[in-house]
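Hi everyone, thanks for coming. Let me put the structure up, and then I'll talk you through what is inside.

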Amino acid sequence: MKISIFGAGNTLLSDEGFGVHFVRYLQSRYNFPENIDVVDAGTMGMLASGFIENYDYVFIIDVVEIKDKPGTILIYDYDDIRLNKMPAKLSPHQIGVQEMLLMCDIRGVSPENLKLISVVPESMTIGDSLSKTLKNCLKEVENILLKELESLNIPFYKKSTN
């Protein structure tokens, strides 16, 4: 099984870059087997559709543009996205997750499994670091993702802190 942990966002707009900050955080703390790619996808937009089609399972880490308490973590399965069980415009990116997945569906190359782990941003102002609220979410999203990998019997190895 080939898996991608895919962090999206613009790191120049503070919390908008949460997905990228998260994958960097994850890469600094863990080693994963060769069948797992941890990807800093930045603002690939529609180009990401050609990338995610190469995986059996995709975890997308991103912010979600909804009215809720900043730092709220929401998890969506692929069917939630396909069946419009989520807000129409989910991502603050110009091209969001829904549009990217729709492109994969149209081409008939969607990954078999997909999970979107998203966080409500606090700040979308210019800046290259996360707000304190979203920095505090890194550990919680890490725990959620690691539990997902454990449920798939995927090993991961914590890096030494020497």
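Predicted model: local features only at pLDDT ≥ 70, side-chain atom pairs only at ≥ 80, totals over all residues.

Residues are numbered from 1 along each chain as its sequence is written, and side-chain values use heavy atoms, with hydrogens and water left out.

Let's start with the cores. By a nonpolar core I mean a set of buried Ala, Val, Leu, Ile, Met, Phe, Trp, Tyr and Cys residues joined through side-chain atoms within 4.5 Å; buried is under 20% relative accessible area, exposed is over 50%, and partly exposed is in between, using a 1.4 Å probe and protein chains only. The largest one has 28 residues, and Ile5, Phe18, Phe22 and Leu149 have the most contacts inside it. At least two residues each come from strands S1 (3–8), S3 (36–42), S4 (57–63) and S6 (113–119), and from helices H1 (18–29) and H6 (137–151). Those are DSSP runs numbered from the N terminus: helices are H or I with at least four residues, strands E with at least two. H6 gives the largest share, seven residues. There is also a second, separate core of 19 residues, and Tyr55 and Val97 are among its members.

Now to H1. Its buried residues are Phe18, Gly19, Val20, His21, Phe22, Val23, Tyr25 and Leu26. What does phenylalanine 22 touch, leaving aside neighbours within four places in sequence? The partners are Ile61, Leu138, Val141, Glu142 and Leu145, with contact meaning heavy atoms within 4.5 Å.

Over in strand S6 we find serine 118, which is buried at a relative accessible area of 0%. Beyond neighbours within four places in sequence, its contacts include Asp62, Val64, Thr72 and Tyr76.

Last, the aromatics. Rings of Phe, Tyr and Trp (its six-membered ring) pair if their centres lie within 6.5 Å; planes under 30 degrees apart are stacked, over 60 edge-to-face, and the rest tilted. Tyrosine 30 and phenylalanine 32 make a tilted one, 6.1 Å centre to centre with 40 degrees between the planes. Phe6, Phe51 and Tyr55 form one cluster. Phenylalanine 51 is partly exposed at 23%, whereas tyrosine 55 is buried at 6%.

Thanks, happy to chat!
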